[in-house]
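Subject: Structure for you to look at

Hello,

Here is the structure I promised to pass on. Please open it next to this email and follow along.

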Protein chains: 2
Amino acid sequence: MHAKREKWANNFSEWFNEVIETAGILDVRYPVKGLYVWLPYGFKIRRLVTELIREILYRYDHEEVLFPILIPETEFAKEAQHIKGFEDQVYWVTHGGLDELNVKLVLRPTSETAFYPMFALWIRSHADMPLKIFQIGSVFRYETKHTRPLIRLREITTFKEAHTAHASYEDAERQVKEAIAIYKEFFDRLAIPYSICRRPDWDKFPGAEYTVAFDTIFPDGRTLQIATVHNLAQNFSKTFEITFENIKGEQEYAYQTCYGISDRVIASLIALHGDDRGLILVPEVSPIQVVIVPIWYKDKKEEITERCFEIKEKLEKIGIRAHVDDREKIRPGAKFYEWELKGIPVRIEIGPKDFEENTITVCRRDTLEKIRINADELEKIKDIFAEIYKNLKNRAHEEFNKRISFVDDIEEAKKCIKEKKVVRAFWCGEEECGKEIEDKVEASLLGILLEGSRSAEGMKCVNCKKEAKYEIQIARTY
Amino acid sequence: MHAKREKWANNFSEWFNEVIETAGILDVRYPVKGLYVWLPYGFKIRRLVTELIREILYRYDHEEVLFPILIPETEFAKEAQHIKGFEDQVYWVTHGGLDELNVKLVLRPTSETAFYPMFALWIRSHADMPLKIFQIGSVFRYETKHTRPLIRLREITTFKEAHTAHASYEDAERQVKEAIAIYKEFFDRLAIPYSICRRPDWDKFPGAEYTVAFDTIFPDGRTLQIATVHNLAQNFSKTFEITFENIKGEQEYAYQTCYGISDRVIASLIALHGDDRGLILVPEVSPIQVVIVPIWYKDKKEEITERCFEIKEKLEKIGIRAHVDDREKIRPGAKFYEWELKGIPVRIEIGPKDFEENTITVCRRDTLEKIRINADELEKIKDIFAEIYKNLKNRAHEEFNKRISFVDDIEEAKKCIKEKKVVRAFWCGEEECGKEIEDKVEASLLGILLEGSRSAEGMKCVNCKKEAKYEIQIARTY
């Protein structure tokens, strides 16, 4: 059994905006378009999500740094493709106090041009590499499109970007694979399904050799890019003079990669697992994992409350984040409503019968199932967390797969896109044909599927009917 | 016994800049004046320090939020004193892409004008208060003075600001006291000595009713403001229309406070406890608390290394952050040098004799004392941490007290300031006289001492010789 997902499915955009406000994630009333305020509850989720990516990156030997937000125009403009890709969407700082600045400053839209002048100072020899560093902070984009909380922002407050340098192209290629493994683990732990595509050349990161992207699919059938991994080859190292002495004693330009995620991770976490009652959080990143609600009964009030706090303490001892909602003037029903909206994975109720019989009533947020267990068997809650995670993951993957249509005709592709499906088809690999596909179906060619793709052997291109080379994914995107 | 503090004492500025670079705290070569890069080791210290202030603020029921970095000119300019105080030192964003913005944006120099329009939306009734929130993030100041790493920055990357609202002036006053208690605990745990002064009216925060400041004293005799607490009374609530229904059912303007700390905390941590060998970190915020260095000896190499990792595991089990430095090509002496520079509080050496006799050799960074203890008594390391903390705290307090001169004559005050002392004296309380004092001694009147001050009863003003009202502190400041 699950709660309804009617509004979620049929009116997703409204559901999403509503839940972000009512669950206390963001306040969208900040007086500048595209800028939002993280509210305490939202901030706590954000903190757990950033701690999760940190944990994984640390394990893969990445070190954390923090660079300035301001980049001088002189550095920013060095890499031709890069400036071309970003010049329409950067904020310019032109004045300090009442003075006009000699060198204008850019609010970083991403930090290649901040990191790489320092890389040039840090890297001397092949022994200094691989260099793997990351930071978490704000980046800025002057978005002219429609802005959306957590999805399309003018200040992306949760931008995790990693930058690496390597002594060979092969090692940079290995790093691309490592980055993909990192993001797979990260999204898997958040129960977020994804496809992994190599973006077509006309849609790669400005300055990259190639771009690999993770996309998920939202309930409205549009895909959301949730992570990108770029092999920069020597494009930036040549611009920023990042050279090293190789094992032969010769100077060589470093090989680089970079990869990033953003607030969109949290958008996905909210969007993919919710229902008409609100959020459903994966236990690992839920600020409160168990909320305990006393069901007071006449003369037993104090004892029941006391029991609730005992249970809370015991839960905390076994590493579970628990909270007792003992607010006086609010009825249990109203409390249930509020915690369901906020997506707390498990609710424990303790009423007079539980009190007498030393039991607790456990209610799962995902299935709304209620069971009574012995109050001494709290370890079972961990099993329930595991089941919730598994259930959320399975459900999200099923939804994801249901939204994908396999198509071998361009008209059919167009029809599927209209029906809010994501399309998989075969492609010849020619840029001209690829752009024609995009025009015909009025959607984006997300790229060549890198994992779980079918063999293109003997298949025809969905558009030109020539020999197919790759399986591609096509979708309307955010 | 302690290592020498000659350079530290006599050439502090050079010592400070050097240690920040060589210990891996910041890279100062970022190509914009006043902006620096947090290196991995510095970032780890920063993370522990921010986690410490978080822990304390959470305990005092503060909730964490995150506001945008950009503030529209329309909000920023609303409070007259505030804009006057900051207009010379804010960065202006005037363009987005190739467009000129309709409303210019300020890079926040502090966030009152970002928070308070939202407070006006959040606060309806006395029941919504006290509202106590904080954030940690970057603020920007277009500094025209000489910039210095961690001390005077154009991007202050570690700005913790708390903002509160209250239903009565008394409750705001109580909050000021709470904020002072919070910072006292924070600085005490970092073993940083401080004085607490109420700033003179001509030096208060722009828009505040009054400002309380924490100052520490650097080895060069200059004071550094390390925290401020402001009672804003109703100044901002009147500007931003933050009203509430009070218990009588009438509309009233909220009473507000705000308080902040910055990167200067980390500057002080480094500056006050160091010596000529480098940093000495308080164990609580040391990224590595114990570094274990194997002293390899002929055929015992593998066993000794193995023993080191066993000790590391055991230390981690009792909650100590430990690291084994088993780098092959570096001699133990070079390792000692490096970890001393980085300020790791305890080094453990394990050599062949230790291996045979199941002992470890423990070396304290603060005193350089070496003792051998049984390898099964690792809990003792915690006692050593406590001793190190106590020793650092006592030493810093002694230094602090030694730098203060009690003076009752203005010429003597001037002489003391020239001799790099901080001066304490009595004052009549008149603004004109106070400014005269500042002119005569060529230093700043930091304000009225709020804690540990002597009684002014029967005393004369150091300058005008009229009846004294307060004990004040005078110093050259950063």
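Start with one definition: a residue is buried if 20 or more other C-beta atoms lie within 10 Å of its own, exposed if 12 or fewer, and partly exposed in between, with C-beta atoms placed from the backbone. By that count B:Gly137 is buried, because 20 other C-beta atoms lie within 10 Å.

Two notes on the source. This is a predicted model, in which local features need pLDDT of at least 70 and side-chain atom pairs count only at pLDDT 80 or more, while totals for chains, interfaces and linings use all residues. Residues are numbered from 1 along each chain as its sequence is written, and chains are lettered from A and ligands numbered from 1 in the order in which they are written.

Back to B:Gly137. This residue lies in strand E7 of chain B. Helices (H or I, at least four residues) and strands (E, at least two) are DSSP runs, numbered from the N terminus. Two residues are in contact if their C-beta atoms, placed from the backbone, lie within 7 Å. Not counting residues up to four places away in sequence, B:Gly137 touches B:Leu66 and B:Phe159. Now try B:Val285. B:Gly137 and B:Val285 are 148 residues apart in sequence and 19 Å apart in space, C-alpha to C-alpha.

How the two chains meet

Chain B can be laid on chain A by a turn of 180 degrees and a shift of 0.0 Å along the axis, with an RMSD of 0.0 Å. That is the relation of a two-fold axis. The C-alpha of chain B nearest the axis belongs to B:Val93, at 2.1 Å. Both copies use the same surface: 100% of the contact residues of chain B recur in chain A. The copies are superposed by least squares on the C-alpha atoms of residues with pLDDT of at least 70 in both.

How many residues of chain B are in contact with chain A? There are 41, and they are in contact with 41 residues of chain A. Several elements of chain B each supply at least two residues to this side, including helix H3 (40–59), helix H6 (112–122) and strand E8 (155–166). The largest share, 6 residues, comes from E5(B). The side of chain B that touches chain A divides into 26 nonpolar, 7 polar and 8 charged residues. Here Ala, Val, Leu, Ile, Met, Phe, Trp, Tyr, Cys and Pro count as nonpolar, Asp, Glu, Lys and Arg as charged, and the others, Gly among them, as polar.

Strand E5 (residues 91–96) of chain A and E5(B) pair in the antiparallel sense over 5 bridges. Two strands pair if DSSP finds at least two bridges between them. Look for A:His95: its bridge partner in E5(B) is B:Trp92.

A covered strand and a helix

Is E17(B) mostly covered or mostly open? It is mostly covered, with 5 of its 5 residues buried. B:Val346, B:Ile348 and B:Ile350 point one way, and B:Arg347 and B:Glu349 the other. E15(B) and E17(B) run parallel, joined by 5 bridges. One pair to find is B:Pro294 with B:Ile350 in E17(B). On to E18(B): E17(B) and E18(B) run antiparallel, with 4 bridges. There, B:Glu349 has B:Thr361 as its bridge partner.

Helix H13 of chain B covers residues 380–402. Its buried residues are B:Ile381, B:Ile384, B:Phe385, B:Ile388, B:Leu392 and B:Ala396. What covers them includes helix H10 (301–317), strand E17 (346–350) and strand E18 (359–364) of chain B.

Backbone details

A cis peptide bond joins A:Met129 and A:Pro130, with omega about 0 degrees. A:Pro130 is found in the loop between helix H6 (112–122) and strand E7 (131–140) of chain A. In chain B, a cis peptide bond joins B:Met129 and B:Pro130.

A:Asp61 has a phi near 60 degrees, a positive value in a residue other than glycine. A:Asp61 sits in the loop between helix H3 (40–59) and strand E3 (63–64) of chain A. A:Asp61 counts as exposed because 9 other C-beta atoms lie within 10 Å. B:Lys465 has a phi near 65 degrees, again a positive value in a residue other than glycine. B:Lys465 is partly exposed, with 14 C-beta neighbours inside 10 Å.

Best wishes

Conventions. Expected span 1.5 Å × (residues − 1).
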